[in-house]
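The model is shown below for reference.

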Amino acid sequence: LDAPDLFAALVAAAAHDYKHDGVNNAFHINTSSDLALRYNDISVLESMHAAELFFMCKEEGKNIFSVLDAGQKKEARRIITASILGTDMTKHFNHIADFESRLAAERAIAENPEAAAQSGAEQRLEKEIMIEMALHCADISNPVKDLSVYKKWVIVVMTEFYEQGDKER
């Protein structure tokens, strides 16, 4: 990864829950919220997090992308958006299956590069997939954190769940 890629990965990590409203995608979809309508019931919150980041960056003095050239900005936006959308838990098992498939192909190439070259197999783990998977893993990593940190996050998450449940009544 080059410096602009790392920059995009860090921005995606920092913004992946930007302006989170304490309820999940299913709640938005089931209540036909404005966000669900705006994002057509597809990765509602993740779409909003990414969009709000880029709207914020259009504000005076907040354009963190001004240090990048036009091509780097486009690439950073693509990586950030894909990474944030990759945190949608409804896509978790598809992401894992795709990642495992890519790893298997990568292993096959590493074990027999001549056969891979002859068959035209040029499948490589793209940087976007690696960044997306790293962010997704970090997003769901609470259970492997120090117990004192984990307990604090459990309280926060469970409070959100209970508050959402109260709204659903």
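Helix 1 (residues 3–15) packs against helix 5 (residues 70–85) at an angle of about 40°, and their axes lie 9 Å apart. The coordinates come from a predicted model. The protein as a whole has 9 helices and 0 strands.

**Overall architecture**

- Read from the N terminus, the order of elements is α-α-α-α-α-α-α-α-α.
- Along the principal axes, the C-alpha atoms of the protein fill a box of roughly 60 × 40 × 35 Å.

**Helix 1 against helix 5**

- With the angle at about 40°, helix 1 and helix 5 are therefore oblique to each other.
- Their crossing is right-handed.
- On the side of helix 1, the contact is made by Pro4, Asp5, Ala8, Val11, Ala12 and Ala15; on the side of helix 5, the partners are Gln72, Glu75, Ala76, Ile79, Ile80, Ser83 and Ile84.
- By residue class, this contact of helix 1 with helix 5 comprises 9 nonpolar, 2 polar and 2 charged residues.

**Helix 1 against helix 8**

- Helix 1 also packs with helix 8, at an angle of about 30° and with the axes 10 Å apart.
- Because angles under 35 degrees count as roughly parallel, helix 1 is roughly parallel to helix 8.
- The crossing in which helix 1 passes helix 8 is right-handed.
- Helix 1 contributes Asp5, Ala9, Ala12 and Ala13 to this contact, while helix 8 contributes Lys127, Ile131 and Leu135.
- The residues of the contact of helix 1 with helix 8 are 5 nonpolar and 2 charged, with no polar residue.
- Asp5 and Ala12 of helix 1 take part in the contact with helix 5 and also in the contact with helix 8.

**The largest pocket**

- The volume of the largest pocket is about 850 Å³.
- The pocket is lined by 28 residues, of which Asp17, His20, Asp139, Val157 and Glu160 are the closest to its centre.
- Two or more lining residues come from each of helix 2 (25–30), helix 4 (44–56), helix 8 (127–139) and helix 9 (147–168).
- Helix 9 gives the most to the lining, with 6 residues.
- The lining of the largest pocket divides into 12 nonpolar, 10 polar and 6 charged residues.

Key: Residues are numbered from 1 along each chain as its sequence is written. This is a predicted model: local features need pLDDT of at least 70, side-chain atom pairs count only at pLDDT 80 or more; totals for chains, interfaces and linings use all residues. Side-chain values use heavy atoms; hydrogens and water are left out. Axes are lines fitted to C-alpha atoms, for helices over the stretch in contact, and angles run from 0 to 180 degrees between N-to-C directions. Helices (H or I, at least four residues) and strands (E, at least two) are DSSP runs, numbered from the N terminus. Angles under 35 degrees count as roughly parallel, over 145 as roughly antiparallel, 65 to 115 as roughly perpendicular and the rest as oblique. A crossing is left-handed if the near helix is turned anticlockwise from the far one by less than a right angle, and right-handed if clockwise. Contact means heavy atoms within 4.5 Å. Ala, Val, Leu, Ile, Met, Phe, Trp, Tyr, Cys and Pro count as nonpolar, Asp, Glu, Lys and Arg as charged, and the others, Gly among them, as polar. On a 1 Å grid over the protein atoms alone, a cavity is a set of points where a 1.4 Å probe fits but cannot get out, and a pocket is an open set with protein on both sides within 12 Å along at least five of seven lines; lining residues have an atom within 4 Å of a point. Grid points are joined across faces, edges and corners, and a volume is the space filled by probe spheres set on the points.
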